[in-house]
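Please keep the model open while reading.

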Amino acid sequence: MLGGGVNVGRRRNLRGLLLFIGRGPPSLPACRRHHPAGGRRSSKYRAAMEVHGAHMSAPDINNILKANEYSQVLPRGPASHGALSFHSNTLASNQPGEDCRSSATCLWEGGGVLFGVFDGHGGPACARAVSRRLFYYIAVATLPLAALAELERAVDEGRAVPPLLEWLKHPRDHRGPDGGRVAFQSLRNYWQERLDGDDDDDDDQQDDSMLSCALENAFRRLDYDLSVEAQVHASACSQRGRSPAEKSNEPSPLRVALSGCTACVAHVQDGILHVANLGDSRAVLGVQEADGRWTAVGLTNDHTADNPDELQRVLGAHPPSERRTAVRHHRLLGLLLPFRAFGDVRFKWRPETLARLYETRPDLREGARALPPPPHYLTPPYLSAEPEVTRRRILPSDKFVVLASDGLWELMHRHTAVQRLAEHLKDLREQKPIIASAGTTLADLRRLLLERRGRVRSVPEDHNAATHLLRHALGDDGYGGVATSRLSKMLSLPPEVARRYRDDITITVIHLNEPHL
């Protein structure tokens, strides 16, 4: 394939995880577990950690924490679009991990920079597909029509198609098939429809007010294409049996669409930040005031039952007779935690379509990979792929943005995250060498070194900001530091136990402006 001030209060913490210790997770194979809000960890939690956790050496801890960290300094000047650099990291809990991340520079003039975190559920297939394909849809939604016309001519004439994106990826990031010919044809159909439409205008496409609409269109269109590809695949399989992809354990279009994922995407272009969010991952802005104080500004809303507006949106979309069934136990139809997501077509397709699917594929009803039909399924769709988009002009006081899956926010409040990063930035600045001016004496240098030593709290363990957050989230000692014993135990939990204590965690920190000391 070719190579976008909100109420985001803390709604869950570790006490919710206690509900599952000792009896295992509930049998909801395709859906994310709900963690009710609560208070401090109990003695039962600590006892379970003592049983399952093990002591690890500092090098072993660092090897695990830093295995997937990645950072990139972006070009200065207009090419940066307002982003200086980014740091990213991911730590799996599920096996295989269901989180994905993506970062890319748009290669057309004025295209901007894209960052995204994708939190999968019901398996990693949907998150992996969306992390590889969504940015291309955003590119098609935002490209000028003249550029799309050139793409179409290149394909028609059999010429090399100019790349749209420069991917910025860690070598260990998933690089499996991107859907191949089917995915490319879906993307081509999208740009052909843009070319055939009469409501697009090249000048308007450069207006940042149009970018919100473009992001929304890209999200909806990719979800639509995932659904269509799955239906075509299911129809073909019903006639000739299971597909080669399924037999070889490659995720088929059907498996991709039956699993699901949330998405939180940041687009930085010409000093304007757009965040498109779908589900319960979050974007948080770190702002440094003139007096040096830091504040955390939420840029996203959670699309869950904990958000009253979102709950009313879902209930209002269905008849009053379904008020007791559309959302049960804080879940969609009693099963799914996020109210917006890619995939999860068993919450979107018509009942007769699902009935035909389960008739031809009885393996989907039971077994380890079963995705059974939801109860009380009367007036679909229940699940939406419509993102909520926020726009903000980047101010000098806006220092960084944290994009993270809900695995981080279950362990750390957004204000704590901003404070930890602020301290981290200060400690890193203090480690920079002192540059002596022409008139500096040895006595002056000694005084400067002594002053800096008095300010430095400790030598930073991590240069990667995302790794720093990850370390503090898992090893928090309750006083702003890291308890090595707790961190060791959290990282040494066996895979079958780890999911009871934490979710997959993926973090991307985007630096916008240098902080002042």
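## Terms for helix packing

An axis is here a line fitted to C-alpha atoms, taken for helices over the stretch in contact, and the angle between two axes runs from 0 to 180 degrees between their N-to-C directions. Two packed helices are described by the angle between their axes together with the distance between those axes. The model to which these terms are applied is a predicted one.

## The chain as a whole

The protein chain has 517 residues, of which 54% count as buried, and its secondary structure consists of 18 helices and 15 strands. Its accessible surface amounts to about 22600 Å², with 51% of that area belonging to carbon and sulfur atoms.

## Helices H4 and H6

Helix H4, spanning residues 125-142, packs with helix H6, spanning residues 180-196, at an angle of about 15°, and their axes are 9 Å apart. Because angles under 35 degrees count as roughly parallel, H4 is classed as roughly parallel to H6. The crossing of H4 and H6 is right-handed.

On the H4 side the contact is made by Arg133, Tyr136, Tyr137, Val140, Ala141 and Thr142, while H6 contributes Ala183, Ser186, Leu187, Tyr190, Trp191 and Arg194. Sorted by class, the contact of H4 with H6 contains eight nonpolar, two polar and two charged residues.

## Helices H3 and H16

Helix H3 (residues 58-65) and helix H16 (residues 465-475) have axes that come within 11 Å and cross at roughly 120°. With this crossing angle, H3 and H16 are therefore oblique to each other, and their crossing is right-handed.

From H3, the residues Ile61, Asn62 and Leu65 meet Thr467, Leu470, Arg471 and Leu474 of H16. By class, the contact of H3 with H16 comprises four nonpolar residues, two polar residues and one charged residue.

## Asp223 in helix H8

Asp223 lies in helix H8, which covers residues 208-240. Is Asp223 buried or exposed? Since buried means under 20% relative accessible area, Asp223, with a relative accessible area of 12%, is buried.

When residues up to four places away in sequence are not counted, Asp223 touches Ala341, Phe342, Gly343, Lys348 and Ala385.

Methods
Residues numbered from 1 in each chain as written. Predicted model: local features only at pLDDT ≥ 70, side-chain atom pairs only at ≥ 80, totals over all residues. Heavy atoms only, no water. Helix = DSSP H or I, 4+ residues; strand = E, 2+ residues; numbered from the N terminus. Buried < 20%, exposed > 50% of the residue type's maximum accessible area, 1.4 Å probe, protein only. Areas by Shrake-Rupley, 256 points an atom, 1.4 Å probe, with all protein chains shown as cover. Parallel < 35°, antiparallel > 145°, perpendicular 65-115°, else oblique. Left-handed = near helix turned anticlockwise from the far one by under 90°. Contact = heavy atoms within 4.5 Å. Nonpolar A, V, L, I, M, F, W, Y, C, P; charged D, E, K, R; others polar.
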